[in-house]
Amino acid sequence: MGRPKRLYPLGRFRLHVRGEIDSAKQYLIQLEYTWNRQVIRKGMNIFVRLGDWNEKANNGRGGVRATYGPEANRINSLLTARVDKIDGLLGEYQQKHPNQITAQVISDFLEDKPLTREDKGKDFIDFVLERLESDYSRNRIGKSRYENGRSGMNIFQTFLRATKKGTYKPDSIYLGEISVELIDEYIKWRREIKLNSDATINHALTPILKACAYASELDMIDRAVNARIQDMRIAPKIALADEDCEFDNKSLTKEQLVALTTYYHSCTEQRRKEFLEMFFFAFHACGLRVVDVMTLQWGHINFDKKELRKIMVKTNKRHVIPLSEPALQILRQWQDKRADRRYVFDLVKDDLNLDDEEALYKARNNATKCINQSLSVVGEQIGLPFNLSMHVARHTFAVFALNNGLSMSVVSRLLGHSSTDITEKVYARFLPETLSAEIAKLSGELTILTI
């Protein structure tokens with residue numbers, strides 16, 4: 001198996017010898033580190049002859065022989081102290097910043113320079129509080145939200161102390177040290193120790209997420225880390241057996257759909273783009289439910305007939321959905337990368353047993369939470385007045401279909417409702433455009449009855 005690679009380098013001393021060796025000449029002692037095939041050296045301002053140097057002394061780190069004279073012990077102590085200090089600093093840096101040691105970091109330690117940090121050594125809590133103060137002073141948030149934000153960061157400091165997650169101080173952490181894992185621990189701590197509701201935790205996350213987004217714009221934290229942090233809001237838990245509940249007026253207008261499409265084309269986060277593709281597929285596949293998007297298999301797709309045949313998870317009935325060209329285009333994109341897998345979209349493992357209700361319930365909730373967290377961020381960024389979720393795709397299809405002349409019975413069949421009554425109950429009173437169009441058909445007949 002070979003020897004595992006060290007997480008950080010250890011130093012050793014060498015003589016700076018160039019050209020022909022001269023036994024009478026004194027050579028400079030250098031402290032040397034090798035990392036990723038790069039050699040970093042720093043002179044110790046001590047010179048010795050080759051005969052007075054023993055490279056195996058001090059446990060193989062190098063040192064002077066007794067022949068050097070009465071100063072030999074003092075010099076060896078000085079060398080050992082120096083290499084122990086640098087080794088210790090590198091070990092501490094590796095603990096705080098895993099896998100981030102570079103040749104520049106080692107060089108800075110050797111030069112006794114303060115390390116150059118992307119976050120400029122900024123404290124995370126201070127940064128969040130400064131953003132809160134700025135938003136409050138510009139009337140971006142009210143007094144209550146400002147005070148709640150400050151209170152939330154006090155609780156965050158308590159979390160750092162209680163869980164020993166603080167770094168340079170027990171209740172403090174640098175901005176660049178914030179991570180998805182830390183936020184996840186914070187959410188668990190508030191649930192299990194503070195017994196907070198999901199809604200309360202989401203309120204507490206708001207100033208943290210906003211500060212991380214701003215820090216990412218300033219290149220003070222990694223953009224990929226920030227993108228994952230932005231997806232950490234807790235999505236509402238949706239029961240598998242829920243019927244298409246009463247319409248909550250959350251559907252996208254044509255303009256909002258165009259804005260969402262524009263966002264998709266400019267998005268650089270690959271996973272978020274994939275979630276948007278699933279949203280658009282659900283819309284184009286006649287409002288397919290998220291659980292059926294999640295469990296869609298390649299065997300359900302007939303590209304030649306341009307249709308989807310599947311037993312719907314909710315109704316346990318076979319359903320046939322005609323596939324439009326946009327829906328087929330999305331499927332072809334996923335076919336290029338997942339044709340050898342059982343499920344079309346990588347939301348569940350291929351060994352998921354659809355007959356295991358508990359496993360299906362957990363998989364559905366996990367997938368829905370993951371997608372909706374990401375879609376919620378997208379919705380905020382394009383200025384939607386409500387949370388964007390996968391179910392919005394279903395509502396949007398229904399409203400578009402009805403407002404473009406499809407009958408209630410046809411839309412009901414496409415949605416897979418068990419009866420037209422459900423479709424009417426959910427959507428009819430929110431469709432003034434359709435109702436007005438239907439009444440307009442009678443306008444000529446009704447004119448002769450005017451009193």
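**Figure 1. The lining of the largest cavity in this predicted model**. The residues that line the largest cavity are Cys286, Gly287, Leu288, Arg289, Asp292, Met312, His319, Ile321, Arg394, Leu414 and Leu415. A cavity is a set of points, on a 1 Å grid over the protein atoms alone, where a 1.4 Å probe fits but cannot get out, and lining residues have an atom within 4 Å of a point. The volume of the largest cavity is about 30 Å³; a volume is the space filled by probe spheres set on the points, with grid points joined across faces, edges and corners. The count is one cavity of 30 Å³ or more. Strand S8 (318–322) and helix H15 (408–415) each contribute at least two residues to this lining. Helices (H or I, at least four residues) and strands (E, at least two) are DSSP runs, numbered from the N terminus. Sorted by class, the lining holds six nonpolar, two polar and three charged residues. Here Ala, Val, Leu, Ile, Met, Phe, Trp, Tyr, Cys and Pro count as nonpolar, Asp, Glu, Lys and Arg as charged, and the others, Gly among them, as polar.

The model is predicted, and local features need pLDDT of at least 70, side-chain atom pairs count only at pLDDT 80 or more, and totals for chains, interfaces and linings use all residues. Residues are numbered from 1 along each chain as its sequence is written, and side-chain values use heavy atoms, with hydrogens and water left out.

**Figure 2. The crossing of helices H10 and H13**. The axes of helix H10 (residues 270–284) and helix H13 (residues 357–381) come within 10 Å and cross at roughly 95°. Axes are lines fitted to C-alpha atoms, for helices over the stretch in contact, and angles run from 0 to 180 degrees between N-to-C directions. The two helices, H10 and H13, are therefore roughly perpendicular to each other, a term for angles of 65 to 115 degrees (under 35 is roughly parallel, over 145 roughly antiparallel, and the rest oblique). On the H10 side, the contact is made by Arg272, Phe275, Leu276, Met278 and Phe279, and on the H13 side by Cys370, Ile371, Ser374, Leu375, Val377, Val378 and Gln381. Contact means heavy atoms within 4.5 Å. By class, nine nonpolar, two polar and one charged residues make up the contact of H10 with H13.

Figure 3. Buried means under 20% relative accessible area, exposed over 50%, and partly exposed in between (1.4 Å probe, protein chains only). Leaving aside neighbours within four places in sequence, Val392 is in contact with Lys250, Ser251, Leu252, Phe279, Phe386 and Asn387. Val392 and Lys250 are 142 residues apart in sequence, yet 6.0 Å apart in space, C-alpha to C-alpha.

**Figure 4. Arg37 and Asn139, two loop residues**. Arg37 is placed in the loop between strand S2 (26–35) and strand S3 (38–49), and has a positive phi near 65°. At 85% relative accessibility, Arg37 counts as exposed. Asn139 is placed in the loop between helix H4 (124–137) and helix H5 (143–163); phi of Asn139 is also positive, near 60°. At 70% relative accessibility, Asn139 counts as exposed. Most residues other than glycine have a negative phi.

Note on methods: On a 1 Å grid over the protein atoms alone, a cavity is a set of points where a 1.4 Å probe fits but cannot get out, and a pocket is an open set with protein on both sides within 12 Å along at least five of seven lines; lining residues have an atom within 4 Å of a point.
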